[in-house]
Amino acid sequence: MTLLKVLALDSDGSLQPMKFLCVVMLHLPQLLFCFTYKVCLQENTNSVLTFVTLSGELKTRREKDHIVLDLPLYSTYPQALEEVGELIKAAVGDMIVQDLRYSPDTKKLLVRISDAYERSVLEKLQVNAQQFLSVEKTGKVKGLILTLKGNSSGKDKGHDFHSRYFAPWYGVLEDPVTGSAHAVLSSYWSEQLGKTEMLAFQCSRRGGELKISLRNDGRVEIAGQFAIVLKGNLTL
């Protein structure tokens with residue numbers, strides 16, 4: 001969960017009554033809860049909105065029925081299985097782990113299961129994320145990503161990779177679709193697949209598709225669909 005405030009100063013430095021749009025990010029729910037505009041979405045003079053969050057500035061823009069997030073791209077590094085063996089066991093049981101990485105900037109552990117598995121295996125996997133709290137002994141893991149390479153056939157066609165994300169350390173047993181996790185996944189899968197444009201799917205119960213575009217400045221743009229659920233006036 002990301003706490004945020006929206007800065008809404010008029011050109012003369014005064015605070016004015018604002019119109020706003022509350023949007024539900026169908027595929028990026030934990031990062032945004034509203035847009036604030038001086039007039040309305042269509043008449044906003046700035047195409048990029050900046051939210052000041054506990055994680056730093058979060059820049060967003062609208063492209064048709066998608067919201068695009070501009071996030072840092074986080075690198076991952078090889079992680080020794082022995083150090084987090086109990087945590088991996090609690091997450092995937094006896095499933096074959098093909099790769100194991102750690103992102104020190106985000107404190108996320110990335111667990112790639114074998115390419116031999118189908119997407120349905122990841123979707124149906126029963127995970128008791130609450131158990132992670134007692135078996136994670138290093139103190140350095142605050143989020144666990146399970147990921148699987150996409151398949152070029154069947155219902156997986158077009159998705160470069162799949163994932164699920166768990167963060168019981170922050171009270172989130174499983175997040176439906178996670179922008180911050182994809183800032184890590186984008187780095188990893190771009191390296192593995194040799195691609196800078198990718199399509200991802202997070203396999204939670206609700207599920208969500210994300211469009212990913214890596215930039216040359218060490219950042220990544222992650223786009224997900226949204227729906228407007230409320231319009232009104234907000235006086236600050």
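**Hairpin, helix and ring contacts in a predicted model**

Strands β5 and β6 form a hairpin with 2 residues between them, and K64 in the turn has a positive phi of about 55 degrees. Helices (H or I, at least four residues) and strands (E, at least two) are DSSP runs, numbered from the N terminus. The model is predicted, and local features need pLDDT of at least 70, side-chain atom pairs count only at pLDDT 80 or more, and totals for chains, interfaces and linings use all residues. Residues are numbered from 1 along each chain as its sequence is written, and side-chain values use heavy atoms, with hydrogens and water left out.

The protein contains 4 helices and 15 strands. Of its 236 residues, 47% count as buried; buried means under 20% relative accessible area, exposed over 50%, and partly exposed in between (1.4 Å probe, protein chains only). Among contacts (heavy atoms within 4.5 Å) with a separation of 6 or more, 63% are between residues 24 or more positions apart.

Two strands are taken to pair if DSSP finds at least two bridges between them. The bridge partner of E63 in β6 is H66. On another side of the pairing scheme, strand β4 (residues 48–53) and β5 pair in the antiparallel sense over 6 bridges, with K59 in β5 as the bridge partner of T50. K64 is found in the loop between β5 and β6 and is exposed, with a relative accessible area of 75%. Its positive phi occurs in a residue other than glycine, as does that of K107, whose phi is near 60 degrees. Most residues other than glycine have a negative phi. K107 is found in the loop between β8 and β9 and, at a relative accessible area of 38%, is partly exposed.

R61 is found in strand β5 (residues 56–63) and, at 23% relative accessibility, counts as partly exposed. Its side chain makes a polar contact with the side chain of E63 (2.8 Å). A polar contact is a pair of N or O atoms within 3.5 Å; within protein, one must be able to donate a hydrogen and the other to accept it, and residues adjacent in sequence count only if both atoms are side-chain atoms. Leaving aside neighbours within four places in sequence, R61 is in contact with S47, V48, H66, I67, V68 and E221. The C-alpha atoms of R61 and N46, which are 15 residues apart along the chain, are separated by 9.2 Å.

In helix α1 (residues 85–92), the residues L87, I88, A90, A91 and V92 are buried. Seen down the axis of α1, these buried residues fall within an arc of 165 degrees, so they line one face of the helix; the arc is that of the directions from the helix axis to the C-beta atoms. The buried residues of α1 pack against β8 (97–103), β9 (108–113), α3 and β10 (143–149). Just after α1, G93 takes a positive phi of about 65 degrees.

S187 lies in helix α4 (residues 179–193) and is buried, with a relative accessible area of 12%. A polar atom of the S187 side chain lies 3.3 Å from the backbone oxygen of Y74. Not counting residues up to four places away in sequence, S187 touches L73, Y74, S75 and T76.

The structure holds 4 aromatic pairs. Rings of Phe, Tyr and Trp (its six-membered ring) pair if their centres lie within 6.5 Å; planes under 30 degrees apart count as stacked, over 60 as edge-to-face and the rest as tilted. The pair of F132 and F166 is edge-to-face, at 6.1 Å centre to centre with 80 degrees between the planes. F132 lies in helix α3 (residues 132–135) and F166 in strand β11 (residues 161–167), so the pair ties together parts that are 34 residues apart in sequence. F132 counts as buried at 0% relative accessibility, and F166 counts as buried at 1%. Ring pairs link F132, F166 and W169 into a cluster.

Charged side chains also lie over rings: R119 over the face of F201, at 4.2 Å from the ring centre, and K140 over the face of Y102, at 4.5 Å from the ring centre. A charge sits over a ring if NZ of Lys or CZ of Arg is within 6 Å of the ring centre and within 35 degrees of the ring normal.
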